[in-house]
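Please open the model in your viewer and keep the selection tool at hand. The tour starts at a ligand, moves to a single residue, and ends with a view of the whole.

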Amino acid sequence: MIIVFSGTGNSLAVAHGLRKRLGGELCVLEREVLLNPSGRVLEVPQGEDVVWVFPVYSWGVPPVVAGFIRKSKIKGAHEAQHFMVCTCGDDIGRADDQWRSLIGRRGWSPRGAFSVQMPNTYVLMKGFEVDSPEVAAGKLASMPERLDTVAAAIRRGYSESDVVRGSSAWLKTAVVYPLFRRFCMSPRPFHATDACTSCGLCSRSCPMENISMAPGGTDECSSRPSWGNRCALCLRCYHICPAHAVAYGHETASKGQKQILK
Ligand SMILES: Cc1cc2nc3c(=O)[nH]c(=O)nc-3n(C[C@H](O)[C@H](O)[C@H](O)COP(=O)(O)O)c2cc1C
Ligand code: SF4
Ligand code: SF4
């Protein structure tokens, strides 16, 4: 069974690629499954592994994924072997240690952990930008071979970490991640600029059902997106907007968008 959370489709593309190679059911974490992790009992078929696929957030496990691991009800999870496949723009620090600890605390068995470099999505701070088209295309072209390696390792029960950690890995995961969680994950700076056409795509696409359309805009009939408080900071709303009208404070004014993968 493959359990996947994905903001802009990178992790979803990896999950589909792994499913082609390994088989099994795909469980996509969004909307009611994500909003109420203990509301539905998932079942791992006998003899199957659980492969957790998600993007790295500030060199750690995205808080929504951590919350799901803590609270979900998964029949057969104690008997299964658990693997992590984490997508990243560059590197994952020690997110694999964090994931192993979350899985271990449930009494489940963590095995191998892998990272897969994919086009970068993070643009909310100075110095962070989407990849150039050439760099993004290069990462996507490398994906199939990387997934062959990851799937083969999962099949033989690999139990180590095959990940790109980057520099100062421990510091980034142990110190920067908690600070990022506390101070840099607020949805408050999200707003729509005057380029908004009121199409509602951001609202319909949000995996957390966090965006409502409220009256606003230039004429009486138009509506504008309004962001609530249960945001995963996945940036789907930002990258999916056809008018590039989703902004985060002033930081995204000159930033690009990344293609959403389906
Ligand atoms: C909030 C946030 C934090 C991120 N932090 C990191 C990071 O620490 N290291 C990294 O290499 N990429 C980072 N990224 C980039 C994503 O992990 C990467 O682009 C991932 O493949 C996105 O997957 P998705 O399309 O499934 O959401 C971050 C992205 C977001 C939205
Ligand atoms: S997707 Fe963009 S254009 Fe459409 S409602 Fe949202 S902000 Fe406006
Ligand atoms: S509001 Fe935007 S960033 Fe937040 S969860 Fe929804 S789509 Fe993702």
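How do the residues of the shell around ligand 2 divide into nonpolar, polar and charged? In this predicted model, select ligand 2 together with the residues of its shell, and you will find 10 nonpolar residues, 3 polar ones and no charged ones. There are 13 residues around ligand 2, and those that come nearest are Cys196, Cys199, Leu201, Cys202 and Cys241.

Next, select methionine 84, which you will find in strand E6, a strand covering residues 81-88. Methionine 84 counts as buried because 27 other C-beta atoms lie within 10 Å, where 20 or more are enough for that label.

Now zoom out and show the whole protein as a cartoon, in which 8 helices and 12 strands can be traced. The C-alpha trace spans about 60 × 40 × 35 Å along its principal axes, and the radius of gyration is 18 Å, which agrees with the value near 18 Å that a compact globule of 262 residues would have. If you colour the protein by burial, buried residues make up 41% of the 262 residues. Among the contacts with a separation of 6 or more, 76% are between residues 24 or more positions apart.

Key: Residues are numbered from 1 along each chain as its sequence is written. Chains are lettered from A and ligands numbered from 1 in the order in which they are written. This is a predicted model: local features need pLDDT of at least 70, side-chain atom pairs count only at pLDDT 80 or more; totals for chains, interfaces and linings use all residues. A residue is near a molecule or strand if its C-beta atom, placed from the backbone, lies within 6 Å of it. Ala, Val, Leu, Ile, Met, Phe, Trp, Tyr, Cys and Pro count as nonpolar, Asp, Glu, Lys and Arg as charged, and the others, Gly among them, as polar. Helices (H or I, at least four residues) and strands (E, at least two) are DSSP runs, numbered from the N terminus. A residue is buried if 20 or more other C-beta atoms lie within 10 Å of its own, exposed if 12 or fewer, and partly exposed in between; C-beta atoms are placed from the backbone. The radius of gyration is taken over C-alpha atoms; the globule rule is 2.2 Å times the number of residues to the power 0.38. Two residues are in contact if their C-beta atoms, placed from the backbone, lie within 7 Å.
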